[in-house]
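Please read this short report alongside the structure.

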Amino acid sequence: MSTKIIIGLDRGHGGKDPGAVRFAREVDLNTGVTQMLEVLLAADPHYKVVLLCPYPETIPINERANAANKAGAQLLVCNHFNAGGGNGFEVYPEVPRQPADARYPLHVASLRFARMLAAQMADIQQLRGDKGVQYKYAGTDSYFGIVRLANMPSVLIENAFVDNEDDIQPFLVPKGIRQVAARQYLAVCEFFGTKPLFDQNGDPIVSVPTAPEKPAAVTKPEPLVVEKPADAAEPEHLVIEKPEEAVIVVEPEDGMATAPVPAEPVKPAEPVKPVEPVTPNTIDDSNEPDGAEAPRTADTEDAPIEEEIPDFVVLASTVAKEAKGTTFLGVIQWILRALLHMVTLGAYTPQAKKEEPPAAEPEK
């Protein structure tokens with residue numbers, strides 16, 4: 001921190017003044033607690049400690065208070081142990097003042113710190129007075145000069161009774177001294193609103209390291225879904241302009257993917273072949289006797305049976321040849337015209353059969 005909070009520490013008595021003596025020397029206990037509190041505050045970067053009296057020495061009370069005022073201390077803590085019959089813990093803040101009094105804010109702040117400290121001591125020591133808080137007067141001022149002369153919030157602490165063996169016993173060992181100092185340190189942190197580094201036993205508070213946050217899982221992007229309007233109808237057929245590129249769309253069943261099947265191109269209709277005219281075979285059978293069958297040769301074996309072809313068929317064939325290359329409808333039109341022409345000319349009559357000469361009368 002750029003600016004540290006200055007704490008003035010004073011241990012009561014010292015030098016040739018041992019304080020109360022019975023089961024322990026008060027000055028030794030005062031020194032032990034103050035030294036431990038100094039260690040805890042010095043280890044905290046929020047605070048700076050100012051000792052108001054060197055440990056092995058003693059100086060007048062007013063000089064100790066002046067040392068705190070000159071150093072600009074923001075809190076003064078003075079440690080004592082009690083005597084005179086009794087037991088328990090008590091702390092003396094600046095006495096109450098009228099709101100118009102210049103020292104009224106010091107009383108309010110001192111009382112606030114005193115209550116925080118008494119609450120910290122409640123689990124290891126019985127609290128005297130008003131939940132551990134007491135006042136002692138000299139006229140209208142505080143009886144204790146270190147509190148009365150200080151220009152900052154200040155308290156004088158009586159931690160236990162040295163002439164009560166049961167009351168002082170827990171604090172005759174280093175653990176008890178450390179617990180008292182640790183609770184004073186926690187009250188200081190609470191008063192100034194800083195995070196403590198030590199617990200109620202004076203042990204370092206070990207911060208449990210938090211597990212590093214796991215990186216956020218990479219999620220696959222959602223596929224883009226284009227919603228169609230509710231009133232949009234599905235097309236029934238796929239219409240493709242070019243027939244050579246047409247495909248047959250087969251609807252998949254149950255999600256089965258199917259490949260498009262090429263459509264078979266439509267074959268154009270074959271042109272109607274015109275009827276070729278049939279030329280009748282002329283076989284001369286005049287030399288054959290009546291009723292005799294002409295011998296079949298290689299040339300005549302497969303010859304068709306001779307038939308007489310009507311004239312209109314010959315004419316139609318001729319017309320078909322002339323109309324070759326036209327459409328089937330055109331051929332029909334040509335045939336109809338030919339028939340009409342033949343009827344008009346009288347050509348559409350069956351050919352008369354050749355009259356055979358009458359058979360000769362057998363000679364009698």
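## Contacts of a strand residue

Two residues are in contact when heavy atoms lie within 4.5 Å. Leaving aside neighbours within four places in sequence, Lys-48 is in contact with Lys-4, Ile-5, Ile-6 and Ile-7. Lys-48 and Ile-6 are 42 residues apart in sequence, but their C-alpha atoms are 4.8 Å apart in space.

This is a predicted model, in which local features need pLDDT of at least 70 and side-chain atom pairs count only at pLDDT 80 or more, while totals for chains, interfaces and linings use all residues. Residues are numbered from 1 along each chain as its sequence is written, and side-chain values use heavy atoms, with hydrogens and water left out.

Lys-48 is found in strand S2 (residues 47-51). Helices (H or I, at least four residues) and strands (E, at least two) are DSSP runs, numbered from the N terminus. Buried means under 20% relative accessible area, exposed means over 50%, and partly exposed is in between (1.4 Å probe, protein chains only).

Strand S7 (residues 154-161) is mostly covered, with 8 of its 8 residues buried. Two strands pair if DSSP finds at least two bridges between them.

Strand S3 (residues 75-82) runs parallel to S7, and 6 bridges join them. Here Val-77 stands opposite Val-155 of S7. Strand S4 (residues 90-93) runs antiparallel to S7, with 4 bridges. Val-91 has Ile-157 in S7 as its bridge partner.

## Two helices

The expected span of a helix is 1.5 Å times one less than its number of residues. Helix H1 (residues 26-43) has 18 residues, so it should span 26 Å; its end C-alpha atoms are 26 Å apart, which agrees. Buried residues in H1 include Val-33, Leu-37, Leu-40 and Leu-41. An α-helix has 3.6 residues a turn, so residues three or four places apart point the same way. Which elements cover the buried residues of H1? They include strand S1 (5-11), S2, S3, helix H5 (165-168) and H6.

H6 has 19 residues and reaches 27 Å from first C-alpha to last, close to the 27 Å expected. H6 is mostly covered, with 14 of its 19 residues buried. Gly-193 follows H6 and has a positive phi, near 75°.

## Aromatic rings

Rings of Phe, Tyr and Trp (its six-membered ring) pair if their centres lie within 6.5 Å; planes under 30 degrees apart count as stacked, over 60 as edge-to-face and the rest as tilted. The whole structure holds 7 aromatic pairs. In one of them, the ring centres of Phe-113 and Phe-191 are 5.7 Å apart and the planes stand at 80°, so the pair is edge-to-face. Phe-113 lies in helix H3 (residues 104-121) and Phe-191 in helix H6 (residues 174-192), so the pair ties together parts 78 residues apart in sequence. Both Phe-113 and Phe-191 are buried. Tyr-47, Phe-113, Phe-191 and Phe-192 form one aromatic cluster.

## Cysteines

A disulfide is a covalent bond between the sulfur atoms of two cysteines. Here it is counted as a pair of cysteine sulfur atoms within 2.5 Å. How many disulfides does this rule give? The count is 0.

Cys-53 shows why: its closest cysteine sulfur, in Cys-78, is 10.0 Å away, too far for a bond. Cys-53 is buried, with a relative accessible area of 2%. Cys-189 is also buried, at 1% relative accessibility.
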